[in-house]
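Open the model in your viewer and keep the selection tool at hand. The stops below say what to select next and what is there.

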Amino acid sequence: MAHIEFGEGLPGIRGPLAFSPATTKPLCDLAEVLLSAPHSLTPAEREMIATYVSSQNDCYYCQTCHGSTAAQHLGGADADYELIAQVKQDYLTTPISDKMKALLTVAGKVQQGGKYVTAQDVEHARQAGATDKEIHDTVLIAAAFCMFNRYVDGLATWQPHDPEMYREIGKKTASSGYVGRDWKQPPRTVTAK
């Protein structure tokens, strides 16, 4: 049960977003810029960073939503979902680029605490092909998702374990992004039950 009362059927961050419209716009604008705006990293790669950090923070809702969105950006096949599951378990052995592995290393260090990122980590990312902008944005995505994860979990939001709901959210986010959505509306899979 959530620590404060949110609208019925609003899982994860949807409850707090609906509860506090004044903070919804800047939070959604930040997510849109970090994860969906034009960038040299694909939306799938940026969602992978968000997913990995959320999994390290043990935020079920965020890791599952953003994992689904990453998989949808990759094509939405079962193999894409399996790749994202592998990234969460051991990204170093997954079939992703060396650059993404280096960036996930940086993101994982940020998740532990910003001062864990070393000059060596950054140099390794550069040698793997990461630009300074990609390194900057990886750190910012990781830091932002530590905040988002704590927002969701700190309020003890409802986080159902319905894979179809998360697939629905992933499809919607991959196609529509983060701004201009009605966060007060529960996912269809919730209202259909």
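Begin with helices α2 and α8, which pass each other in a left-handed crossing. The model is a predicted one. The two helices α2 and α8 pack with their axes 11 Å apart, at an angle of about 145°. To find α2, select residues 21-35, and for α8 select 132-154.

Now show the side chains where the two helices touch. On the α2 side, pick Thr23, Leu27, Leu30, Ala31, Leu34 and Leu35. Their partners in α8 are Leu140, Ile141, Ala144, Phe145, Met147, Phe148 and Tyr151. Colour this contact of α2 with α8 by class: twelve residues are nonpolar, one is polar and none is charged.

**Second stop: α3 and α5**

Select residues 43-56 for helix α3 and residues 78-90 for helix α5. Their axes come within 9 Å and cross at roughly 50°. That angle makes α3 oblique to α5. The crossing of α3 and α5 is right-handed, whereas that of α2 and α8 is left-handed.

Which residues of α3 meet α5? They are Met48, Thr51, Tyr52, Ser55 and Gln56, and they meet Ile84, Val87 and Lys88 in α5. Sorted by class, the contact of α3 with α5 has four nonpolar residues, three polar and one charged.

Move on to helix α6, residues 98-112, and helix α7, residues 119-127. Here the axes come within 8 Å and cross at roughly 155°. Because of this angle, α6 is roughly antiparallel to α7. The crossing of α6 with α7 is left-handed.

To display the contact, select Ala102, Leu103, Thr105, Val106 and Lys109 in α6.

The space in the largest cavity is about 230 Å³.

Select Ile13, Leu17, His66, Tyr178 and Trp183, which are the closest to the centre of the largest cavity among the 18 residues that line it. Several helices take part: α1 (14-19), α2, α4 (60-74), α8 and α9 each supply at least two residues of the lining of this largest cavity. The largest share of that lining, five residues, comes from α4. By class, the lining of the largest cavity has 13 nonpolar residues, three polar and two charged.

**Last stop: the largest pocket**

Finish at the largest pocket, which holds about 270 Å³ of space. There are 16 residues lining the largest pocket, and those closest to its centre are Arg14, Glu168, Lys172, Pro187 and Arg188.

Then select α9 (163-176) and α10 (188-191), each of which supplies at least two residues of the lining of the largest pocket. Which helix gives the most to this lining? In the largest pocket, α9 gives the most, with six residues. Colour the lining of the largest pocket by class to see nine charged residues, four nonpolar and three polar.

Key:
Residues numbered from 1 in each chain as written. Predicted model: local features only at pLDDT ≥ 70, side-chain atom pairs only at ≥ 80, totals over all residues. Heavy atoms only, no water. Axes fitted to C-alpha atoms, helices over the stretch in contact; angles between N-to-C directions. Helix = DSSP H or I, 4+ residues; strand = E, 2+ residues; numbered from the N terminus. Parallel < 35°, antiparallel > 145°, perpendicular 65-115°, else oblique. Left-handed = near helix turned anticlockwise from the far one by under 90°. Contact = heavy atoms within 4.5 Å. 1 Å grid on protein atoms, 1.4 Å probe; cavity = no way out; pocket = protein on both sides within 12 Å on 5 of 7 lines; lining within 4 Å. Points joined across faces, edges and corners; volume = space filled by probe spheres on them. Nonpolar A, V, L, I, M, F, W, Y, C, P; charged D, E, K, R; others polar.
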